[in-house]
Each structure stands twice: as C-alpha cells, then as structure tokens.
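Please view the sequence and the model together before reading on.

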Amino acid sequence: MSASALSDTGGIPALELRRVTRDFHVSAGLFAGKRRLRAVNDVSLSIETGEVVGLVGESGCGKSTLSKVLLGLLPASAGEVLFHGEQMSHQKRRAVAKRIQPIFQDPYSSLNPRRSIGSIIAQPLHVHGFGNRTEIRRRVSDMLDVVGLPSRLAQASPAQLSGGQRQRVAIARALILRPEILICDEPTSALDVSVQSQILNLLLDLRREFQLTYLFISHNLAVVEHIATRVAVMYLGRLVEVAETRAFFQAPRHPYSQALLDSIITPNPAEGIPTVHLGGSFPNPIDPPSGCAFHPRCPHAMPRCATDAPRLLTDEAGEIACHLTNMQQGA
Ligand code: SF4
C-alpha cells in the first residue's frame, strides 16, 4: 500500500486491489484453438476515501476490464478486491451496487430511449425497493437539481437532451442510491470539449458535496490532470507507475509515462499536437513481449529488460516498475 493510501478511516482504504488478475480465453485462429489473454496482470492498488485516482493507458491496456472487476461485473481470475477492508466477493451483488456505481463513456447508449428521464434516474430506487412514489419523485427532483438540470426534464425523453445533459442524467442515476465510490470509465470522451470541462467540474463539486471517492479511467491525460489527486499508469495489464498528480505531470518517471506525456493532445487546438514519441505499435495482448512488456518500444531498454519483468516497487515518490529506476536508486 502506498503512503498516500492511508486514510483517516483507521488506515483502511475505501477500495483495495490485491494482486488482481483477470484472464480471458480467446480464439487464436481457425486451427490454433483458444489462448489465454491476461487483460489484468497482478494489479495491486489502494484508493483512499475521498481520493480521485486517474487510471491511464492506451486503449486495450486493461483499464476497462479492471473497472468491470471492481464493479463486480467480472470475477477476478486471481487476487482480491476489498471494499473498506471486506472482500467484495463475500458481499451480495446488490449490496456492492448500492455503494459502488459506474458512469460510462457513452451517455447516448447508456440511457434507455423509451423511458422518461425521471424513470431512468428512479430505476435504482425501484430495484432496491426504496420508498413510495411520492418519496421517489422527490428524490429524483432533488437529484436533477444536484446535477444542474431543471426538474421539468423528468418528463422528457433522452432524445430531447444534449450530450452533456444526458451525461448529467447518467450521473444523477449513479448518485441516487448515495454510493461512496464512482467508477468513471471515460465519462467525458464522447462529449464536446466545452461540455467536458462542465462535467468534470460537476464531478469535482459532487465529490466535495457527497464525500465521494473516484476511480477515473481515461486515455486523456489533460482530463486526468484536471480531476485526479493521484495517477496510476497501466501498460498491457500491469501498473507501471503510481504517483501524486502534480509530481507525475511535472516529472513522470517511467519511460512509458514519459512517452504518454510527450504524446499528449491538449484540449487547446492552438497549442497543436506534439510529436508522438512511442516507437512501434501497442503489442498484441495474446502474445505479450517477454520481460518488461514495454521493452520493444522503450528508448532506454537494456538486455535485462527483454528477459526480466520489473516488479512494482514503492519509494517516497510513489510506485514504479522499471529496471532503470531501480538501478539508479540502487534497488
Ligand atoms: Fe524501459 Fe527496461 Fe524500464 Fe521497461 S524496465 S521501461 S524496457 S528501461
């Protein structure tokens, strides 16, 4: 556990992953049978109450699989997920859903087009058998107000709303059961840039108002810099660096983090698109490189990198998995 993961709730993190692995068995071709795809590989991460951990990495690195494991939508193949120190696998799915809620990328497909906004937001209350009709109506109206939407929209359909308004509805639905943790999977990437910042600011306001804890998954580093208190970088199923947000953006330590920051696309088109520094394409997860999985693309790779996988080690600056850093620190 990192030092920053110690919470004021007796040192027990809100959410903790202990050596979580998730495998899939996928077809490798007509005559090749099935092969193992390790989407999440031995991931340990602690998230303190009130933290916003930004989980970043390229598409296909395992971020979304990890979020599904955290939500209880996929079982882990190995390892444990603990919620306030209790194993999630020992808790009922419904009890977990009350305390951990997702917000997904696409507000267009995540809302049922045949339902009114009011009934979409109220649905979790019905599923969990909460309150009578008057009480439910009042809570829906309050929640619309909390996310900055007029209560008259309770009668509207999703098709009548803009993208930003639909994502506000998705947030209201996620919050209606008053969860403690939100797993946000690319919640702004389908929105216009101007609307993105409104939704990010809303999420930050809600964090303060409801003492929420976020795992915020994104491939957009500008968004993560805006919202996260800590950053976790994932490459081919493994965490390679975890650091406080300010330190990470000032001086990323892992060569992959450095390459990601060099290739950042800023939301301001006037600043242009910097050169992408990642040599080579993202490897096939069915056939990952040996040793450090980043070695075929790493400008600092040494012979040892092709054979030995570096362990994620903790120091005063955070956590990092790289032989180069370990050598420089004499580890
Ligand atoms: Fe590069 Fe080697 Fe560090 Fe991997 S372990 S990031 S290949 S220097």
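Asn41 touches Val20, Thr21, Gly237 and Arg238, leaving aside residues up to four places away in sequence; contact means heavy atoms within 4.5 Å. The model is predicted: local features need pLDDT of at least 70 and side-chain atom pairs count only at pLDDT 80 or more, while totals for chains, interfaces and linings use all residues. Residues are numbered from 1 along each chain as its sequence is written, and side-chain values use heavy atoms, with hydrogens and water left out.

Asn41 belongs to strand E2 (residues 34-47). Strands (E, at least two residues) and helices (H or I, at least four) are DSSP runs, numbered from the N terminus. E2 takes part in an open sheet of 4 strands, ordered E2-E1-E4-E5 with antiparallel pairing. E2 and strand E5 (86-87) are the edge strands, as each pairs on one side only. Two strands pair if DSSP finds at least two bridges between them. Within this sheet, strand E1 (residues 15-27) and strand E4 (residues 78-83) run antiparallel and are joined by 5 bridges. Arg18 has Glu80 in E4 as its bridge partner.

Two residues may be compared by burial, where buried means under 20% relative accessible area, exposed over 50% and partly exposed in between (1.4 Å probe, protein chains only).

| Residue | Relative accessibility | Class |
|---|---|---|
| Asn41 | 16% | buried |
| Ile120 | 3% | buried |

Ile120 is found in helix H3 (residues 117-127). Its contacts, again without residues up to four places away in sequence, are Leu111, Asn112, Arg115, Pro158, Val169 and Arg173. Ile120 and Val169 are 49 residues apart in sequence, yet their C-alpha atoms are 8.1 Å apart in space.

Helix H1 (residues 63-70) is largely enclosed by the rest of the structure, because 6 of its 8 residues are buried. Those buried residues are Lys63, Thr65, Leu66, Ser67, Val69 and Leu70. Just after H1, Gly72 adopts a positive phi of about 80°.

Which residues are closest to the ligand? They are Cys292, Cys298, Cys305, Cys322 and His323, out of 13 residues that surround the ligand, a residue being near if one of its heavy atoms lies within 4 Å. By class, this shell has 9 nonpolar, 4 polar and no charged residues. Here Ala, Val, Leu, Ile, Met, Phe, Trp, Tyr, Cys and Pro count as nonpolar, Asp, Glu, Lys and Arg as charged, and the others, Gly among them, as polar.
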